[in-house]
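The following paragraphs lead the reader through a predicted model.

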Amino acid sequence: MRVLRASGKLLEDTLNGDAESVAAALDQAHTELSSILTYNASMRTTGSLTGICW
């Protein structure tokens, strides 16, 4: 339920043009949903697809 409330608040803040609240909500979502391990794994995959060797 918390995610649904946060989503509704994000939509409301977006429609009201409250850039600071939107930025804070996106930052919090990113922090909560992306772990360093997931980020690093994604970067390795992206790098290998583009020919970059780590």
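The crossing of α1 and α2 is left-handed, a term used when the near helix is turned anticlockwise from the far one by less than a right angle. Helices here are DSSP runs (H or I, at least four residues), numbered from the N terminus. Helix α1 covers residues 2-15 and helix α2 residues 19-33; their axes come within 9 Å and cross at roughly 150°. That makes α1 roughly antiparallel to α2 (angles over 145 degrees, on a scale from 0 to 180 between N-to-C directions).

On the α1 side, Arg 2, Leu 10, Asp 13 and Thr 14 make the contact, and on the α2 side Ser 21, Val 22, Ala 25, Leu 26, Gln 28 and Glu 32 (heavy atoms within 4.5 Å). These residues divide into 4 nonpolar, 3 polar and 3 charged.

Glu 32 forms a salt bridge with Arg 2, with the closest N and O atoms 3.2 Å apart; the term requires a side-chain nitrogen of Lys or Arg within 4 Å of a carboxyl oxygen of Asp or Glu. The pair links distant parts of the chain, Glu 32 in α2 and Arg 2 in α1, 30 residues apart. By this rule, the count is 2 salt bridges.

The chain averages a pLDDT of 78, and 63% of the residues score at least 70 (pLDDT is the predictor's confidence in each residue, from 0 to 100). Confidence is highest in α1, at 92, and lowest in helix α3 (residues 36-49), at a mean of 59. Where pLDDT is low, the predicted coordinates should not be read in detail.

Residues are numbered from 1 along each chain as its sequence is written, and side-chain values use heavy atoms, leaving out hydrogens and water. In this predicted model, local features need pLDDT of at least 70 and side-chain atom pairs count only at pLDDT 80 or more, while totals for chains, interfaces and linings use all residues.

Technical notes: Helix = DSSP H or I, 4+ residues; strand = E, 2+ residues; numbered from the N terminus. Parallel < 35°, antiparallel > 145°, perpendicular 65-115°, else oblique. Nonpolar A, V, L, I, M, F, W, Y, C, P; charged D, E, K, R; others polar.
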